[in-house]
Amino acid sequence: EAEADAEAEADVEARADTPDPSGRGPFLGGALPRELEEALGRAEAGERFDEEQLRVLYGYAHHEPDDLRGHLVLARAFMANGWYTAARERYEHLLELDEAASRDPRVLTDLIEIIHRGDAQLDPTWPLLRRYWGADALPAVRAARAEATWPRSRILDRLIRRIELAFSAR
């Protein structure tokens, strides 16, 4: 069992460090199980997920709890449905499973988008940004801020100030 755990951890690390020509991130750039591939394509197209489609993703994540890909696709399905709290909670679970998930660029940009959606998302999402990205999140937040319009831009201004204050003395 320890050998299987070591192999799984090595596989996660290898995927996280492998260049990704697909643009899908280090965990989703390779071959995927059919149900994940179909769902990821739907999420990338911005299509909403119905109850049955979500049931398939929940089933995969439940039966393969250590496979980060299932959690990533489920979080992206939640984003496509506009379920930002559910997406944040799934990303939080994913990051708790394996910090290497922070290397997937969509995780950070989705969390910034979640914060951008409303003041109520800043406080529960901030600890994730602080813990897993720290000051490294600042360029992505500033890029999102550059494209944001008022009044939603105010929340990204607040996030930038939080990051600057939290990491300025370091």
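Analyst: Helix α5 (residues 84-97) and helix α6 (residues 105-116) pack at an angle of about 145°, with axes 10 Å apart. Axes here are lines fitted to C-alpha atoms, for helices over the stretch in contact, and angles run from 0 to 180 degrees between N-to-C directions. Helices (H or I, at least four residues) and strands (E, at least two) are DSSP runs, numbered from the N terminus.

User: Before I go on, what am I looking at, and what are the ground rules?

Analyst: This is a predicted model, where local features need pLDDT of at least 70, side-chain atom pairs count only at pLDDT 80 or more, and totals for chains, interfaces and linings use all residues. Residues are numbered from 1 along each chain as its sequence is written, and side-chain values use heavy atoms, with hydrogens and water left out.

User: Back to that pair: is the crossing of α5 and α6 left-handed or right-handed?

Analyst: Left-handed. That term applies if the near helix is turned anticlockwise from the far one by less than a right angle; clockwise would be right-handed.

User: Which residues in α5 and α6 meet?

Analyst: From α5 you have Tyr84, Ala87, Arg88, Tyr91, Leu94 and Leu95, and they meet Arg106, Val107, Asp110, Leu111 and Ile114 in α6. Contact means heavy atoms within 4.5 Å. By class, the α5 contact with α6 has eight nonpolar, no polar and three charged residues. For those classes, Ala, Val, Leu, Ile, Met, Phe, Trp, Tyr, Cys and Pro count as nonpolar, Asp, Glu, Lys and Arg as charged, and the others, Gly among them, as polar.

User: OK, zooming out. How many helices and strands does the protein chain have?

Analyst: Nine helices and zero strands. As for burial, 44% of the 170 residues count as buried, meaning under 20% relative accessible area, with exposed over 50% and partly exposed in between (1.4 Å probe, protein chains only).

User: And the largest nonpolar core, which residues have the most contacts inside it?

Analyst: Trp133 and Leu159, in a core of 51 residues. A nonpolar core is a set of buried Ala, Val, Leu, Ile, Met, Phe, Trp, Tyr and Cys residues joined through side-chain atoms within 4.5 Å. Its largest share, nine residues, comes from α4.

User: What does Trp133 touch?

Analyst: Leaving out residues up to four places away in sequence, Trp133 touches Leu95, Ser102, Val107, Leu108, Leu111 and Leu128.

User: Why does Ser102 count as buried?

Analyst: Because its relative accessibility is 17%.

User: New topic: where does Pro151 lie?

Analyst: In the loop between α8 and α9. The peptide bond from Trp150 to Pro151 is cis, with omega near 10°. In general, most peptide bonds are trans.

User: And Ser153, buried or exposed?

Analyst: Buried, at 4% relative accessible area. Ser153 is in helix α9 and touches His116, Arg145 and Ala148, not counting residues up to four places away in sequence.

User: Last one, Ala146: buried or exposed?

Analyst: Exposed, with a relative accessible area of 66%. Ala146 is in helix α8, and Ala146 and Leu156 are 9.5 Å apart in space, C-alpha to C-alpha, and 10 residues apart in sequence.
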